[in-house]
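Please keep the sequence and the model in view while reading.

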Amino acid sequence: MKFKSIVFICYILSIFIQCIIVLVSDASQVDDSENYLRLAYRIINSGEWYPSLIDNYPDYKLDYSFFIHSPGYVNYLAFLLIIVKHVKGILLINVAINAILGYELFYIGKKYFNEKTGYIVLLLFSIYPTNYGIVCLTGNELVYTMLAFTLIILFTKNKIIYIILTGILIGFANWMRPFLFILFIVLCFLTFYSNDNLINKIKKLTILASSIVLTVFIIGFTTYERFGSFVFQSTTGGYNLLIGANDHADGSFSKEVFKKGNLGYIGSNTSLDVTELDHIWKERAIFWIKKHPTQWILLFPKKFFYLYCSDSHAMSALSGNIKAPVQGRDYTLKMIHTFPKYNKFQWLLFYNQLFYVTCLLLSLFGSYLIIKEKNKIAQALLLYWVLGTVMNLLLFGGSKFHYPYVPIILLFASFVISKHCYKTKLKKYKNLII
């Protein structure tokens with residue numbers, strides 16, 4: 001059987017297995033995924049989209065009420081629940097979205113790298129363990145990542161209708177995760193290296209920017225009507241910045257800074273709304289950074305470590321207990337100390353980690369090769385990865401935050417494999433040739 005046939009069989013089989021996993025799961029959620037689902041059910045029960053007036057002032061018993069969290073994704077969940085009625089319906093849609101993402105990687109790999117890279121990345125994607133867990137979660141990572149790769153592909157079509165659609169998708173993707181400026185910079189990079197003359201480049205970016213602004217305005221204005229503030233994305237900036245900029249910060253997620261007596265503490269007897277809280281936390285974080293610039297910079301390596309050290313964030317969905325601890329320092333140390341006396345699930349975690357680290361190391365070498373080459377599509381993906389990583393270093397590190405870059409890691413790793421196993425070369429897209 002030919003390699004191409006084997007790859008597509010693995011791809012189809014992986015989709016089938018993901019469906020089975022979803023159907024036999026109990027569809028329970030944890031952490032942000034659980035919070036998004038709660039808010040989605042509240043939309044259905046109250047008849048008001050998120051955020052509404054009730055979200056203006058935090059409920060001090062609920063951590064997720066201190067900010068507006070991924071409003072686009074929460075509304076997306078509610079919309080799907082109205083149609084499919086049950087969480088498992090959403091998870092099956094996740095499988096379809098994951099399948100689309102896999103095909104997008106195949107398309108980009110084959111068209112802009114080389115044919116072998118396309119097939120190898122689809123194979124890696126099909127046997128990547130996290131893929132089988134991510135579809136069981138109602139987190140925003142999967143949907144956002146698919147949208148990000150969709151809009152990059154659409155933009156390279158170089159037609160006005162696709163450029164307008166790209167801008168709309170950027171607005172919606174940013175409504176789920178605040179990556180607007182990063183995505184816009186990446187597309188500006190692609191435009192700059194296109195074969196168009198200067199007038200056409202300016203026209204293209206003007207159309208793109210206009211569609212983004214219009215989408216953001218529509219989202220923000222409709223939110224203003226029911227919420228009272230112009231909100232078009234998450235308002236978690238101050239909260240997240242302060243977690244990574246305080247005396248107790250260690251580079252990872254910790255709520256220590258918000259405890260009484262610490263920099264982020266705000267008493268429950270206050271009339272501050274979520275917008276004011278975000279502003280106060282942002283001011284306090286900036287004040288601390290200005291006072292301790294060296295200490296803040298020295299946290300970057302720790303944040304980088306926590307961002308990329310493991311890839312188990314979605315694996316709890318495969319354990320039979322969604323709330324099972326599968327990440328963090330304590331669990332990692334336990335895995336190290338008990339090796340090789342693992343149960344079946346721990347061996348799956350071990351395989352996933354080995355797979356992830358191998359691909360990550362290969363992708364770093366692939367990044368070096370891509371910098372030397374003249375393929376601007378590949379370099380644009382690298383730029384997206386770098387800018388996204390820098391944004392995380394400004395905040396704090398956590399393994400789930402690297403998921404939007406995993407497709408790039410798999411693509412670059414696949415390119416290295418194709419180059420050294422099949423002696424293939426990267427296509428020469430010195431300019432963006434569509």
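Predicted model: local features only at pLDDT ≥ 70, side-chain atom pairs only at ≥ 80, totals over all residues.

Apart from residues up to four places away in sequence, Gly-398 is in contact with Tyr-306 and Leu-307. Along the chain, Gly-398 and Leu-307 are separated by 91 residues, yet their C-alpha atoms are 4.6 Å apart in space.

Is Gly-398 buried or exposed? Gly-398 is buried, because its relative accessible area is 15% and the limit for a buried residue is under 20%.

A second pair also links separate parts of the sequence. Leu-354 and Ser-310 are 44 residues apart in sequence, while the distance between their C-alpha atoms is 9.5 Å. Leu-354 is part of helix H16, which covers residues 344-372. With a relative accessibility of 48%, Leu-354 counts as partly exposed.

## The nonpolar cores

In soluble globular proteins, nonpolar side chains tend to be buried together. In this model, the largest nonpolar core contains 98 residues. The residues with the most contacts inside this core are Phe-113, Leu-183, Leu-381, Tyr-384, Trp-385, Leu-410 and Phe-412. Helix H7 (residues 141-155) supplies the largest share of the core, namely twelve residues. Apart from this core lies another, of 18 residues, which includes Phe-66, Phe-67, Leu-277 and Phe-396.

Leaving out residues up to four places away in sequence, Phe-412 touches Phe-113, Leu-381 and Trp-385, among others. The residues touched by Phe-412 also include Leu-362, Ser-363, Gly-366, Ser-367 and Ile-370.

## Two buried polar residues

Thr-117 is located in helix H5 (residues 115-127). The relative accessibility of Thr-117 is 0%, and therefore this residue counts as buried. Which side chain makes a polar contact with the side chain of Thr-117? The partner is the side chain of Ser-418, at 3.0 Å. Beyond residues up to four places away in sequence, Thr-117 touches Gly-109, Leu-411, Ser-414, Phe-415 and Ser-418.

Asn-94, in helix H4 (residues 87-113), is likewise buried, with 2% relative accessibility. The side chain of Asn-94 reaches the backbone oxygen of Val-135 at a distance of 3.2 Å. When residues up to four places away in sequence are set aside, Asn-94 touches Ile-134, Val-135, Leu-137 and Leu-142.

## Aromatic rings

The model has 32 aromatic pairs. One of them joins Phe-217 and Phe-221, whose ring centres are 5.8 Å apart and whose planes meet at 15°, so the pair is stacked. Planes must be under 30 degrees apart for a pair to count as stacked. These two residues are separated by about one helical turn, because they stand four residues apart in helix H10 (residues 198-227). Phe-217 is partly exposed at 45% relative accessibility, and Phe-221 is partly exposed at 38%.

Elsewhere, Phe-66, Phe-67, Tyr-239, Phe-258 and Trp-281 form one aromatic cluster. Phe-66 and Phe-67 are also among the residues of the 18-residue core.

Two lysines are placed over aromatic rings. Lys-201 lies over the face of Phe-192, at 5.4 Å from the ring centre. Lys-204 lies over the face of Phe-155, at 4.5 Å from the ring centre.

## Cysteines without disulfides

How many disulfides does the structure hold? The structure holds zero disulfides.

Cys-19 counts as partly exposed at 24% relative accessibility, and Cys-309 counts as partly exposed at 27%.

Key. Residues numbered from 1 in each chain as written. Heavy atoms only, no water. Buried < 20%, exposed > 50% of the residue type's maximum accessible area, 1.4 Å probe, protein only. Core = buried A, V, L, I, M, F, W, Y, C linked by side-chain atoms within 4.5 Å. Contact = heavy atoms within 4.5 Å. Polar contact = N/O pair within 3.5 Å; in protein donor to acceptor, adjacent residues only side chain to side chain. Phe/Tyr/Trp six-rings, centres within 6.5 Å; stacked < 30°, edge-to-face > 60°. Lys NZ or Arg CZ within 6 Å of the ring centre and 35° of its normal. Disulfide = S-S within 2.5 Å.
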